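Thanks for coming, everyone. I'll keep this short. Please look at the screen.

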Amino acid sequence: MSSMPVGYEPLIASARQSSSQLTAFTGQTDEQQMPARPYLLAAQNVTKSYQKGRLQIPVLKGVNFGVEPGEFVSIIGQSGSGKSTLLHLLGMLDVPDEGEICLGLERMDNVSAKRRDRFRNEQVGMIFQFYHLLPELTTRENVLAPLMISQGVFSYLKHRRRNRERADQLLEVVGLSHRLTHRPHELSGGEMQRTAVARALITRPQMLLADEPTGNLDSENSAEILQILKDLNRDEQLTIVMVTHDRDIAKEAGRTVCLREGLVDEVGHGNL
Amino acid sequence: MYKLLLSWRYLRTRYIALASIVSVTLGVATLVVVNSVMSGFAHEMHARLHGILSDIVVESYETAGMPDATWHMEKIRSIVGADLEAITAVVHVPAMVNIPVPNGRSVTRPINLVGVDEKTYAQVCEFSPHLLHPENRKQLSFLLRSGGYAPGRTAFPPSGWQHRRNRVRIERDIQRHLQPSAAAESKAGQELADADTQRKIERSADFDPLSVALPQSSPQLPGSGRFDQPLGQKNDDVVRDDVPAVQLADSQVSDPFGNVPVNSNGAVFDPVKHQHTGVVLGIAIASTRHRDADGQVRDYYYCLPGDDVQITFPNASQKPTAVFDWFTVVDMYESQMSEYDSTFAFVPLRKLQEMRGMFDPEQGIYGVSSIQLKVREGANLNAIRDKLREQFPATTYPYSIQTWRDLQGPLLAAVQLETTILNILLFLIIAVAGFGILATFFMIVVEKTRDIGILKALGAPSGGVMSIFLNYGFALGVVGAIAGMALGLVFVTYINEIAGFVETLTGREVFDPTVYYFQQIPVITDVATMLWVVCGAVLIAVLASVLPALRAARLHPVEALRHE
Ligand SMILES: Nc1ncnc2c1ncn2[C@@H]1O[C@H](COP(=O)(O)OP(=O)(O)OP(=O)(O)O)[C@@H](O)[C@H]1O
Ligand SMILES: [Mg+2]
């Protein structure tokens, strides 16, 4: 899995803003300066709390976090520290109580549901801790699901051959060519996670949000998945945000962010 | 795309939902069957009622009826004009029929005696097809036919002149045996009569519940040895050969049991050669229907074409008195509407007018009690009725002018109401089935919560998620409704076979022919009704899936993903 097959290049969108125009600001929060050099995706002063009866449980208490184009960032933190919450906010699955989520210069937390749906479908690929495959669909159909969602019946049928070729190609990349027509319950955990990776890539997204992609896997499978992500980042300049609680895995990323008590507490560059 | 794919996959993998659609299927099937049978019944009834009744009836309330039939008919003709197709005058009077049965007793039935014009009556209403003799169906005649009644009906006993002669011979035989002095004259027909007697006895034993007395009364007949034993007990009854009523009759005098009859003009009435005035009896007047030991439906005939009956009715004078006469049954009327078959008897119009005194000898005009019209197909009955009412105002003429619908209005309305209520009830059943779908769908939405979260996380809009479940409901509705319609149509097609099967299973008749005069259950499948039923069922299934679909659409993606 370590070596990418030839012809992998066109799999990832090249329509990415050139990184020369975007320069990340250097870490420390400075709100006056921030808009000058926007991240590809950023959370600014984000707070989020859950209502539990009368009790309010604050999870994020003003998080500032950004990811530059082509960057591979890992987020670590204790269980319950709000890593998944932050990732959901970044993936437009949820809205913050306060603060902003920005895609480039566009503020995304208060736009229409339609725009957010499109963002989720086209611009971001998500990998979940628990795979989250659709049990009624085969491996290949699961990978094709985002395309089925974005395309109507007729355009899907029109592009069926091309879509299928692309799905098969991606499944080959993740090493699942022999499991095309299996249902999720007929797959192992590692196979399901690789299916999820292929699904996240099918729409050629700008960035990948991965929530503990190796959480339930043995070390060998973890390494393979991680290798796929690293290759994608290196060869395709795919922007990756990876949540993990494993410091060793986090080290593989270019930069590591630590969530502690609802705040981004520690920022490291490869070395913790 | 994912909507169709997922609806399809859910349809194929969630058999519990198919179970919930079974109730829709059954509801639809019941609706199809009920509607077909009801409209079959309604149509049959309409056709029969309309056939039996003429389009418009002008009826007089006066005892003596309308004084001048010809004048009235001319006036009606001029009022109705080109729409008129046929017109006939009718006299009807409540009457009583006495049917002599072999042991000297008689069966009495109240009837509705109708005097009809044999030439025009059959043009006005559907009368001829209900007669038994094929020739009478072509042209009614009040003269007895030699035989051939009800061809093709095996259970119908031989009737007509032949039957009449045989019966008279047997009666004379019996008398000869009981009164040897009076039997001298007819030795020539002895041999033939013996054979006939034997046949008659067999026929009677088979079909006539009251026939037991006949063999008892003829113990010495050759070949009737098996009836030897019980002789004697009832002889007193049978020997009684005087029929006191005969003396009162004014025109023709006869005794069906062999007394010497004398015609009013002095000619000797010989029942072998002569007949009384003909009467067409409703078949249920002359017969009774019940079950034999095997549970088979049998008809027993008190009298047959060729037999004589006595009819009594009031005359039309200011002080009505009962008049009566003997009539010879010349045919039977079987409309399969028990109400009519058990009350109607038809005699020639002129005879009834004369007997009732509805004839004015000075002016040579005849009175009638009602005039019946048949109008052109498609003519507006109500308009014609109203025009007639205008011309015969109630202040001057004590007439009731009604269309056949008016006459049978309550019955038709009752059938209509029944159909409507049944439809409402059955749609309620489908609505109940709809709630079943609702519950099942809620279960499926709960079960699929995580999948819904996944779809939303992948960018599926709420509307799309909703339409998955609406599609699903629609598909279930279509599958259920089509299956139900197929089931219903199969049921309707084989309804008589199914009824037969249920009969053998339970031993009880579904449609008892002793109650209903239907040999077959009538069904009419109306395409428009079927379409309505199917659309209604599909609509209910879709409506039932709206709430669960809305719930699915409203699910918060993160919450849904957390759902386990
Ligand atoms: N719907 C909710 N209602 C109430 N509390 C919630 C809800 N969702 C999350 N929380 C709380 O928010 C906190 C953060 O949850 P989150 O899933 O982000 O943690 P996490 O950092 O991803 O943990 P883990 O490493 O175990 O996945 C937890 O304490 C959790 O109890
Ligand atoms: Mg988590």
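Let's start with a term. A salt bridge here is a side-chain nitrogen of Lys or Arg within 4 Å of a carboxyl oxygen of Asp or Glu. By that rule, the count over all chains is 29 salt bridges. Keep in mind that this is a predicted model.

Here is one of those pairs. A:E224 and A:R194 meet through their side chains, with 3.0 Å from N to O. Why does this pair tie together parts that are 30 residues apart in sequence? Because A:E224 lies in helix α7 of chain A, residues 219-236, while A:R194 lies in helix α6 of chain A, residues 189-201. In general, side chains of opposite charge can pair when their charged atoms come close.

Now the interface. How many salt bridges does the rule find across the interface of chain B and chain A? It finds 2. A:E141 forms a salt bridge with B:R9. Their closest N and O atoms are 2.6 Å apart. Polar contacts have their own count: 7 residue pairs between chain B and chain A, with both residues at pLDDT 80 or more.

Which parts of chain B are on that side? Three helices of chain B each supply at least two residues to the side that touches chain A: α1 (2-13), α16 (449-457) and α20 (557-562). The largest share, 7 residues, comes from α1(B). By class, this side of chain B has 15 nonpolar, 4 polar and 7 charged residues.

Next, the extent of the contact. Chain B gives 26 residues to it, and chain A gives 26 residues. Together the two chains bury about 2300 Å². Of that area, 65% is on carbon and sulfur atoms. Three residues stand out on the chain B side: B:M1, B:R9 and B:L458. They supply 28% of the area that chain B buries against chain A, more than any other three residues.

Last stop: a sheet in chain A. It is open, has 4 strands, and runs in the order β2-β1-β4-β5, with antiparallel pairing. Which strands are at the edges? They are β2 (55-67) and β5 (106-107) of chain A, and each pairs on one side only. Strand β1 (residues 41-52) and strand β4 (residues 98-103) of chain A pair over 5 bridges. For A:L41, the bridge partner in β4(A) is A:L103. Helix α1 of chain A, residues 83-90, packs on this sheet. That helix touches β1, β2 and β4 of chain A, and its direction makes about 125° with that of β1(A).

Definitions and conventions. Residues are numbered from 1 along each chain as its sequence is written. Chains are lettered from A and ligands numbered from 1 in the order in which they are written. This is a predicted model: local features need pLDDT of at least 70, side-chain atom pairs count only at pLDDT 80 or more; totals for chains, interfaces and linings use all residues. Side-chain values use heavy atoms; hydrogens and water are left out. Two strands pair if DSSP finds at least two bridges between them. Contact means heavy atoms within 4.5 Å. Axes are lines fitted to C-alpha atoms, for helices over the stretch in contact, and angles run from 0 to 180 degrees between N-to-C directions. Buried area is the accessible area (1.4 Å probe) that two parts lose on being put together, summed over both. A polar contact is a pair of N or O atoms within 3.5 Å; within protein, one must be able to donate a hydrogen and the other to accept it, and residues adjacent in sequence count only if both atoms are side-chain atoms. Ala, Val, Leu, Ile, Met, Phe, Trp, Tyr, Cys and Pro count as nonpolar, Asp, Glu, Lys and Arg as charged, and the others, Gly among them, as polar.
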